[in-house]
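The sequence and the structure are shown first.

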Amino acid sequence: MLNKKTVDDLKDISGKKVLVRCDFNVPLKQGVIQNFKRIDGALPTIKKLLEKGAKVILCSHLGKPKGQPLPEMSLAPVVQALSERLGVTVKFVDDPKVTGEETKKIASGLKDGEVFLLQNTRYRIEETKYGKEESAEVYAKELASLCDNQIFVNDAFGTAHRAHCSNVGVTKYTKENVAGYLVEKELKFLGDALNKPVKPFLAILGGAKVSDKINVIENLLNKVDSIIIGGAMAYTFLKAQGIETGKSLVEEDKLDLAKDLLKKANEKGVKFLLPLDHVIADKVDFANKTVPADGIVKNTQSTSIEADFMGVDVGPKTIAEFSDVVKNAKTIVWNGPLGIFEIDQFSKGTVEIAKLVAQATDNGAISVVGGGDSVSAVKKAGVDKRISHVSTGGGASLEFLEGKELPGIAVLPEK
Ligand code: ADP
Ligand code: MG
């Protein structure tokens with residue numbers, strides 16, 4: 001059911017125009033690209049199309065210009081990085097209308113093996129209004145007409161949870177729609193983990209809020225053998241069981257829900273592991289990601305947290321308890337850090353678990369890490385290369401774990 005047609009299924013595309021939706025939403029600082037992962041991730045699909053002799057038109061959004069042609073969100077910085085990597089001079093025009101006259105002219109005059117990058121698809125306000133406003137239908141048509149309404153490839157997993165003109169709308173007007181290799185890879189790893197996991201199947205969930213991850217927990221409770229809960233989310237579960245949590249981030253309005261989830265886990269025989277001890281601090285400067293000079297940081301002796309202190313990381317007993325479960329798991333899905341890992345002093349729990357996940361993977365487990373902060377965390381731990389699959393889509397991977405159908409994927413036909 002997630003066996004989508006891919007670029008491998010495209011026949012006889014030599015000399016044809018192919019429109020590819022990429023995820024070039026790269027982090028920029030004063031116009032300089034800070035991380036090339038997304039550009040590198042798009043290369044296999046583009047190279048394959050060039051190999052097959054296609055004329056390649058690329059499109060992507062970058063940031064949230066909300067219909068304004070903001071120069072700081074121009075895709076211009078991507079052009080050079082892409083040209084260098086492909087060994088082809090990528091054509092580009094700073095077209096505030098994205099599909100304006102100059103763009104149409106270049107697209108129609110493309111020769112075999114040439115690559116053309118369109119300007120930021122969100123320079124047009126219609127991009128995010130697909131299905132809501134008639135003008136979006138027009139924009140989707142304009143995008144499709146650039147490739148003569150022929151072939152569209154969606155390789156932007158990071159946007160797959162959105163139904164926008166450049167990933168969903170356009171498919172209505174193109175003849176053939178397929179997934180790119182990056183999307184294929186994401187679907188394979190996330191899909192296999194959820195739908196045919198090798199047991200024992202472990203989910204590690206953390207991060208700031210229970211409310212962000214309720215649907216993920218609900219969905220995973222039907223699939224996993226164990227769930228490890230860390231991060232601020234753990235305190236809502238602890239408090240729901242009557243444990244003192246001091247000043248820790250607790251979502252008071254989610255206490256009943258937490259109780260309910262604990263009950264469900266119990267009924268389903270899912271092992272639900274919560275922290276046994278904690279690193280606690282009386283002051284945290286969240287804005288500057290530091291502990292103030294007069295701040296007190298210590299370990300708790302038990303599960304409860306004294307008044308005036310907040311839980312900021314899992315403690316050593318917890319790491320020891322979690323470690324056996326991680327080591328024995330054969331499928332691991334991880335979303336959300338176990339502490340305020342951005343602050344070095346509070347990163348130990350997350351880093352240790354990341355190392356254990358890497359070790360389990362070395363020993364044959366399949367591991368999938370999703371979520372923007374979680375990906376940074378496995379990098380910080382220096383183990384990202386040892387994880388089976390590090391998802392490129394934050395929101396998209398989360399919605400996938402919730403069991404939702406992603407609109408950008410749903411419109412692509414099965415093999
Ligand atoms: P992801 O981006 O991987 O989905 P989230 O955005 O849900 O993860 O959560 C990451 C955030 O959770 C981080 O900024 C981290 O500092 C925060 N966090 C983790 N543990 C705690 C804690 N004990 N108290 C406050 N914030 C926490
Ligand atoms: Mg996050």
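The sections below treat an open sheet, the pairing of a further strand, and a charged surface patch.

The model described here is a predicted one.

Six strands form an open sheet in the order 11-10-9-15-16-17, and their pairing is parallel. Strand 11 (271-273) and strand 17 (389-390) are the edge strands, each of which pairs on one side only. In general, the strands of a sheet are paired through hydrogen bonds of the backbone, in either a parallel or an antiparallel sense.

Strand 15 (residues 331-335) is mostly covered, since five of its five residues are buried. From strand 15, Thr331, Val333 and Asn335 point one way, while Ile332 and Trp334 point the other way, and all are buried. As a general rule, side chains in a regular strand alternate between the two faces of the sheet.

Strand 15 has a parallel partner in strand 9 (residues 201-205), with five bridges between them. Within this pair, isoleucine 204 has tryptophan 334 of strand 15 as its bridge partner. Strand 15 also runs parallel to strand 16, and four bridges join the two. Here the bridge partner of isoleucine 332 is serine 367 in strand 16. Strand 16 (residues 366-369) in turn pairs with strand 17 in the parallel sense over two bridges, and valine 368 has histidine 389 of strand 17 as its bridge partner.

| Strands | Sense | Bridges | Residues opposite each other |
|---|---|---|---|
| Strand 1 and strand 4 | parallel | five bridges | leucine 19 and isoleucine 57 |
| Strand 1 and strand 7 (residues 151-154) | parallel | four bridges | valine 18 and isoleucine 151 |

**A patch of positive charge**

Which residues gather in a patch of positive charge on the surface? They are Lys64, Lys66, Lys132 and Arg162. One of them, lysine 66, lies in the loop between strand 4 (55-59) and helix 2 (76-86). Lysine 66 has a relative accessible area of 61%, and is therefore exposed, the cut-off for exposed being over 50%.

Definitions and conventions
Residues are numbered from 1 along each chain as its sequence is written. Chains are lettered from A and ligands numbered from 1 in the order in which they are written. This is a predicted model: local features need pLDDT of at least 70, side-chain atom pairs count only at pLDDT 80 or more; totals for chains, interfaces and linings use all residues. Side-chain values use heavy atoms; hydrogens and water are left out. Patches are made of residues with over 30% relative accessible area and no salt bridge: like charges are joined within 9 Å, nonpolar side chains (Val, Leu, Ile, Met, Phe, Trp, Tyr) within 5 Å. Accessible areas come from the Shrake-Rupley method with a 1.4 Å probe; for residues, only the protein chains shown count as cover. A salt bridge is a side-chain nitrogen of Lys or Arg within 4 Å of a carboxyl oxygen of Asp or Glu. Lys and Arg count as positive and Asp and Glu as negative; His and the chain ends are not counted. The place of a charge is taken as NZ of Lys, CZ of Arg, CG of Asp or CD of Glu. Buried means under 20% relative accessible area, exposed over 50%, partly exposed in between (1.4 Å probe, protein chains only). Two strands pair if DSSP finds at least two bridges between them.
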